Amino acid sequence: MNWTERVFKLKEHETTVRTELMAGLTTFLTMAYIIFVNPSILGDAGMPKDAVFVATCLIAALGTTIMGLYANYPIALAPGMGLNAYFAYVVVLKMGFTWQAALGAVFVSGCLFLLVTLFGLRGLIIRGIPLSLRYAITVGIGLFLALIALKSAGIVAASPATFVTLGDLHTAPVVLAVLGFVLIVVLDKLKVPGAILIGIVAVTIASFFFGGNQFRGVFSAPPSIAPTFLQLDIKGALTGGLLNVVMVFFLVELFDATGTLMGVAKRAGLLVPGKMDRLNKSLLADSGAIFAGSLLGTSSTTAYVESAAGVQAGGRTGLTALTVAVLFLACLFIAPLAGVVPAYATAPALFFVACLMLRDLTELDWDDTTEVIPAAVTALTMPFTYSIANGLAFGFITYAALKLFTGKVREVHWMVWVIGGVFLFKFIYIGGH
């Protein structure tokens, strides 16, 4: 018996090495955009882009390796979309905290995440949060990402009269971003692997001819990770009023990661008696990745829903994940290429991901206003206050209040009262951001 059979049990899962390798390549191509998007977003917060690029590749490789070898799941991990935007544009740029303190908040949330997973509290918390609010969080983050993407592309601009208005559509960045978005959607519809990545690369290449971008080569030795490695400020996170930030990181990580893990595992046929024990291992793997990512110097790491593409291609074991991890390590040597990707090249990718996140709107029960109104409040408040935290806060408070005043108190889990109460206390006694 060779090592792949011994470690990954390929025959038991009715798969082969070739199938697993191809599934890994498919997953990698669908999520490799993160190595360009994450440094771009966190770079806006003042973080050194080269070091963030290295941290992104390393944590994706490390987290995915643990997922593959420890849990034997075909699921890849990387810094999560949405939370990196919250980290940069809200915690650092809007609330005024240093990126080191923000990394400290990610570390604290990662420790909490690890504890609730180890003690089996993760399922209890999730069961306590209404489905409508869970769907709303995904939709709200999608709207938040959409606003950031349109701003990065130059399609949306600031206006003193109306807050936001249409940007100058005749500039090269806007035209290239629009063409990139159309390209991504078309390629995705045609089921071309790596549609998002192809879109980013195509716009970047075009930027050298039409956007005044400078080509600096493709390959080089990996940059130093020293500027972000162990630079987190845990004391600043605990003493600087970042409690609600930690809570947002924790809650979004909780729903996003758990939902993704269970959804992809179900599609791979792994949520059946006899294979459920590996789900707990996968939860631990993904909890540990958040903790490790903050030490390397990146925002929260999570399981990627793009892993479903690899599962669709036949991936059933950790060998798929291990393939993804090796490919992320190989990416360490393309830092010059990552460094020249302009914001308007990653904007179409962001906007595409944002559009897909809106599909959860269809899951809401539109006949029950005590469910759908808090969900709508949650989703709409996120982009309009430029804060995921505010969306969560108003959503939980609205949900609890409507259930209370319509005589449906018994429908509300005690966890909602606790979370809503914490947010209400913050608004009354501390004030909002």
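A residue is taken as buried under 20% relative accessible area, as exposed over 50%, and as partly exposed in between. The structure described here is a predicted model, and the accessibility classes below refer to that model.

K408 belongs to the loop between α19 (388-405) and α20 (414-430), and D368 to the loop between α17 and α18 (369-384), so the contact ties together parts that are 40 residues apart in sequence. K408 has a relative accessibility of 26% and therefore counts as partly exposed. D368, at a relative accessible area of 18%, is buried, because the limit for that class is under 20%.

A salt bridge also links K403 and E371, whose closest N and O atoms are 3.0 Å apart. Here K403 lies in helix α19 and E371 in helix α18, so the pair ties together parts that are 32 residues apart in sequence. Both partners fall in the buried class: K403 has a relative accessibility of 0%, and E371 has one of 16%. K403 forms a salt bridge with E411 as well, and in that pair the closest N and O atoms are 2.8 Å apart. E411 is partly exposed, with a relative accessible area of 47%. Through shared partners, E371, K403 and E411 are joined into one network.

The cysteines were considered next. A search of the whole structure returned 0 disulfides. C57 takes part in no disulfide, and the cysteine sulfur nearest to its own, that of C331, is 5.3 Å away. C331 is likewise in no disulfide, its nearest cysteine sulfur being that of C57 at 5.3 Å. C57 counts as buried at 0% relative accessibility. C331 is buried as well, with a relative accessible area of 8%.

The structure holds 1 cavity of 30 Å³ or more. The largest cavity has a volume of about 50 Å³. Its lining consists of V37, S40, I41, D44, Y89, S152, A343, T346 and L350. Two helices, α3 (34-43) and α17 (343-357), each supply at least two residues of this lining. By class, the lining comprises 5 nonpolar, 3 polar and 1 charged residues.

Definitions and conventions: Residues are numbered from 1 along each chain as its sequence is written. This is a predicted model: local features need pLDDT of at least 70, side-chain atom pairs count only at pLDDT 80 or more; totals for chains, interfaces and linings use all residues. Side-chain values use heavy atoms; hydrogens and water are left out. On a 1 Å grid over the protein atoms alone, a cavity is a set of points where a 1.4 Å probe fits but cannot get out, and a pocket is an open set with protein on both sides within 12 Å along at least five of seven lines; lining residues have an atom within 4 Å of a point. Grid points are joined across faces, edges and corners, and a volume is the space filled by probe spheres set on the points. Helices (H or I, at least four residues) and strands (E, at least two) are DSSP runs, numbered from the N terminus. Ala, Val, Leu, Ile, Met, Phe, Trp, Tyr, Cys and Pro count as nonpolar, Asp, Glu, Lys and Arg as charged, and the others, Gly among them, as polar. A disulfide is a pair of cysteine sulfur atoms within 2.5 Å. Buried means under 20% relative accessible area, exposed over 50%, partly exposed in between (1.4 Å probe, protein chains only). A salt bridge is a side-chain nitrogen of Lys or Arg within 4 Å of a carboxyl oxygen of Asp or Glu.
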